[in-house]
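Grab a pencil and work through these exercises with the model open beside you. Each one sets a task and then walks through a solution.

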Amino acid sequence: MTDTISRSDLIRFGVLAVLFAAFQQISPRIERMRIRMADSHQIDMTSVWTFAGVIALPSGLSALLALLISVAMTVLRLRAGIHPYRQMFTAATVMLACLTGSAIVKLSSSHLGHLSGDATGAAIVLLSLVAYTAVNTTMIAGAIFLAARPLPVRALFGTAEENGLEIATLCLGAMTGLTLVFTPWLSFLSIVPLVVLQRGALIKQLEVAATTDPKTGLLNAVAWRQVAQKEIARAARDRHTVALMIIDMDRFKAVNDTHGHLVGDAVLVAVAERLTAELRQYDSIGRFGGEEFVAILPEVDMPTARAVSHRILARIRELEVFSPDAPAVPLGGFSASIGVALYPNNGADVESLLHVADSALYAAKSAGRDRVECVVL
């Protein structure tokens with residue numbers, strides 16, 4: 001059974017197309033910056049218009065709107081260096097998601113007016129939103145998995161913040177679609193909160209880029225020093241101890257020389273994941289560059305810091321990565337050395353503690369590596 005397209009449907013289609021074009025003209029520079037800075041989970045926010053089409057348009061027009069928007073975004077992304085095949089696949093997933101969401105609306109309600117002002121209507125919109133999201137997310141995650149498996153769940157489905165931004169965009173799309181049906185003259189108001197949402201997303205991306213090591217996802221050296229100094233200031237105020245660790249991979253140059261830098265990078269990423277898993281959520285971990293990591297552990301004494309360090313070394317010894325040249329054979333035998341310093345015993349600021357921990361690390365290397373050395377005063 002095909003949808004009957006009325007004059008009102010064509011007007012709504014035109015309005016959504018004009019709103020999309022107007023939004024792109026208002027903030028093209030911001031969108032280009034977000035595309036250039038984004039990883040595989042960049043939220044382009046066009047779902048405001050595509051999901052509004054799911055609510056306000058017949059399924060055929062909804063899919064056509066998604067196609068036109070995808071073509072416009074393809075041009076924008078090609079200028080930013082994004083591969084066209086990725087955008088083509090994304091366009092296909094969005095169109096399929098639109099058809100799925102529209103089918104939910106059509107099957108659940110014989111007329112869109114039934115969605116107005118009751119719980120049943122709200123449930124239909126919510127169900128359509130869930131179906132739209134499930135189809136789009138599952139297809140994108142499946143493509144990422146097939147292209148670069150194995151990957152952690154976070155790499156497949158994005159972070160909680162990314163998913164939250166996507167849900168907020170879809171909710172705004174639902175409200176835009178309902179407004180277009182019942183009070184169309186107010187539909188242009190959706191542009192204002194969308195611009196604010198887009199700018200907020202860009203600011204968040206800039207903050208992450210300024211504070212995060214791009215290879216491991218840990219804090220970079222500058223951001224880690226700032227966090228560490230704040231922890232020490234808090235420790236001075238609250239009169240408790242803080243442990244500082246320097247973790248340095250043993251003979252890491254040999255890994256790069258023997259297996260290549262791609263394997264070396266995989267080792268660094270795996271070590272970062274194990275440090276994150278072993279330490280507490282409020283412990284701050286950073287990468288100082290090369291194969292060296294640092295961590296600040298609030299309210300930890302020296303015996304506890306030593307025990308935690310030994311657990312970290314054990315996790316690193318268990319580490320296995322795979323080389324592109326021999327994907328069936330895991331590479332292992334990795335180890336690290338750790339130097340530990342304690343506030344206030346070994347210093348009153350970050351630089352003093354780093355100096356002491358670095359001396360302890362040198363002692364661990366000199367004593368044979370794969371060990372922990374602490375300066376006890």
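**Exercise 1.** In which sense do strand 6 and strand 7 pair, and over how many bridges?

Some ground rules before the solution. This is a predicted model, where local features need pLDDT of at least 70 and side-chain atom pairs count only at pLDDT 80 or more, while totals for chains, interfaces and linings use all residues. Residues are numbered from 1 along each chain as its sequence is written, and side-chain values use heavy atoms, with hydrogens and water left out.

*Solution.* Start with the terms: helices (H or I, at least four residues) and strands (E, at least two) are DSSP runs numbered from the N terminus, and two strands pair if DSSP finds at least two bridges between them. Strand 6 covers residues 336-343, and its pairing with strand 7 is parallel, over three bridges. For a landmark, look at isoleucine 338, which stands opposite valine 372 in strand 7.

**Exercise 2.** Work out the strand order of the open sheet, then find what packs on it.

*Solution.* Five strands run in the order 2-3-1-6-7, with mixed pairing. At the edges sit strand 2 and strand 7 (372-374), each pairing on one side only. On average, neighbouring strands are turned by 20° against each other, direction ignored. Axes here are lines fitted to C-alpha atoms, for helices over the stretch in contact, and angles run from 0 to 180 degrees between N-to-C directions; contact means heavy atoms within 4.5 Å.

**Exercise 3.** Describe how helix 11 and helix 12 pack.

*Solution.* Helix 11 (residues 252-259) meets helix 12 (residues 261-278) at an angle of about 140°, with the axes 7 Å apart. The two helices are therefore oblique to each other (under 35 degrees is roughly parallel, over 145 roughly antiparallel, 65 to 115 roughly perpendicular and the rest oblique). From helix 11, Phe252, Val255, Asn256 and His259 meet His261, Val263, Gly264, Val267 and Leu268 of helix 12.

**Exercise 4.** How many disulfides does a search of the whole structure find, and how enclosed is helix 3?

*Solution.* The search finds zero disulfides (pairs of cysteine sulfur atoms within 2.5 Å). Cysteine 98, at 0% relative accessibility, is buried, and cysteine 374 counts as buried at 15%. As for helix 3 (residues 47-56), 10 of the 10 residues are buried, so this helix is largely enclosed by the rest of the structure. Among them are Trp49, Phe51 and Ile55.

Conventions: Buried < 20%, exposed > 50% of the residue type's maximum accessible area, 1.4 Å probe, protein only.
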